[in-house]
Amino acid sequence: MTCKSSSNDVSGISRKEPPLQQHDSIKSIFATSDLLIDILRPLIDEDFLPALFSLSLVSKNFHQASLSDQLWREICYTRWKGKWGFHLRWKNALKDHFYSLEQEKTKQPSQDEPKPANNFWKSRYFFEEQDATRNLILAEELETLVFDFRFWIGQPTVIDGRIVVKSGLLESASSEVRFSKPTQVCERSEEEDISGAMWSARGCLTGHPCKEPGIEWFLDELSGIVQWGFVPNLWPQGSVQRVDNWGWQIQNPNVVLRSIDPSPSPAIISEVSEWDETKLDEIERECSKNHGKIVTRHHLWKDLLDTLENIPLRNTPSVDGFRVTAEIPRAFIEHYE
């Protein structure tokens, strides 16, 4: 007797439906933007962006999560917290974010236009990245900063019978150098046309190691050249640069200055996650109060101190058959070889 196979029976094996319920549960997890953000949040670090851009190509949901303003806010915080000026940068960003949201509330919705995505933090991230490459400083920025002043070349000492000039970077000559509020140079006169330059602004330099009054400074905002001294005999011209930690550096052949990053109490900044004018004003007061007090930190000069090399000084006589050598950071060796 021949038995007919039923539609649900193939060669004696019953056909079972796939476990759709389990599959749908997994799919629903990756369909939730908030949950995707929670998954991505622990991955945020300095090298997170390439991974984020790759993940944004995985699916529509990952792409939407990668645009989340909440996610980019945390990316900004992680990126900025190790950079010079973090506390004031964070304060300004929170303030601008608050007012951008307030401005959105006042806009009349239009049926013809879709609601714009809130991408404040992503835009702010790339704005700060671009600004960190700027090597030209404005006079109003310069006069808000306090600098640590150090000489490239320090004092000579004897090591194993040889004269070695220690690096001046090992010790601060002054931690209170300030470029006072400038006065605009509107007319070109013989006194103001120093070294053939047309200066944008000038002011009084205080805190210089020589401790003599009457030192003036001059800035050309278009070239980033700054010079100071006793008019008309100024010391060598210096150039303004940005260092890797986004701080400001001014250097000439003799000295180098780096802007001090005033740090408020960690307890204050940790409490501020959204715009709170009272708390953020307290941060600004703390920054102002601490200017010049936190200057002996090794990390301010770490990149230069870690690359010191002992090289022979040019145009110096030998002593007992040995050349006089000096400790010079690698990036500055070409000036002395």
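Student: Why is Trp90 called buried?

Tutor: In this predicted model, Trp90 has a relative accessible area of 0%. Buried means under 20%, so Trp90 is buried.

Student: What makes Tyr77 and Trp90 an edge-to-face pair?

Tutor: Their ring centres are 5.0 Å apart, and the limit for a pair is 6.5 Å. The angle between the planes is 80°; since angles over 60 degrees count as edge-to-face, the pair takes that name. Tyr77 belongs to helix α5 and Trp90 to helix α6 (residues 86–106), 13 residues apart. Ring pairs also link Tyr77 and Trp90 with Trp80, Phe86, Phe120 and Trp121 into a cluster.

Student: Is Tyr77 buried, exposed or partly exposed?

Tutor: Tyr77 has a relative accessible area of 30%. This value lies between the limits of 20% and 50%, so Tyr77 is partly exposed.

Student: How many aromatic pairs does the rule give?

Tutor: The count comes to 18 aromatic pairs.

Student: Why is the pair of Trp72 and Tyr125 called edge-to-face?

Tutor: The ring centres of Trp72 and Tyr125 lie 5.5 Å apart, and the planes stand at 65°. Because an angle over 60 degrees is required, the pair is edge-to-face. The pair links distant parts of the chain, with Trp72 in helix α5 (residues 69–80) and Tyr125 in helix α7 (residues 120–131), 53 residues apart.

Student: How do you know that Trp72 is buried, and that Tyr125 is buried?

Tutor: Trp72 has 0% relative accessibility, and Tyr125 has a relative accessible area of 7%. The limit is under 20%, so Trp72 is buried and Tyr125 is buried.

Student: Why does Pro209 count as partly exposed?

Tutor: Pro209 is at 21% relative accessibility. Buried requires a value under 20% and exposed one over 50%, so Pro209 is partly exposed. Pro209 lies in the loop between β8 (201–206) and β9 (216–220). Apart from its neighbours within four places in sequence, Pro209 is in contact with Phe149, Ala173 and Ser174.

Student: What makes β4 and β15 edge strands?

Tutor: In the open sheet of four strands, the order is β4-β5-β16-β15. The strands β4 (153–159) and β15 (308–312) each pair on one side only. The pairing of β15 with strand β16 (residues 325–329) is antiparallel, over five bridges. Glu309 stands opposite Ile328 in β16.

Methods
Residues numbered from 1 in each chain as written. Predicted model: local features only at pLDDT ≥ 70, side-chain atom pairs only at ≥ 80, totals over all residues. Heavy atoms only, no water. Phe/Tyr/Trp six-rings, centres within 6.5 Å; stacked < 30°, edge-to-face > 60°. Helix = DSSP H or I, 4+ residues; strand = E, 2+ residues; numbered from the N terminus. Buried < 20%, exposed > 50% of the residue type's maximum accessible area, 1.4 Å probe, protein only. Contact = heavy atoms within 4.5 Å. Pairing = 2+ DSSP bridges.
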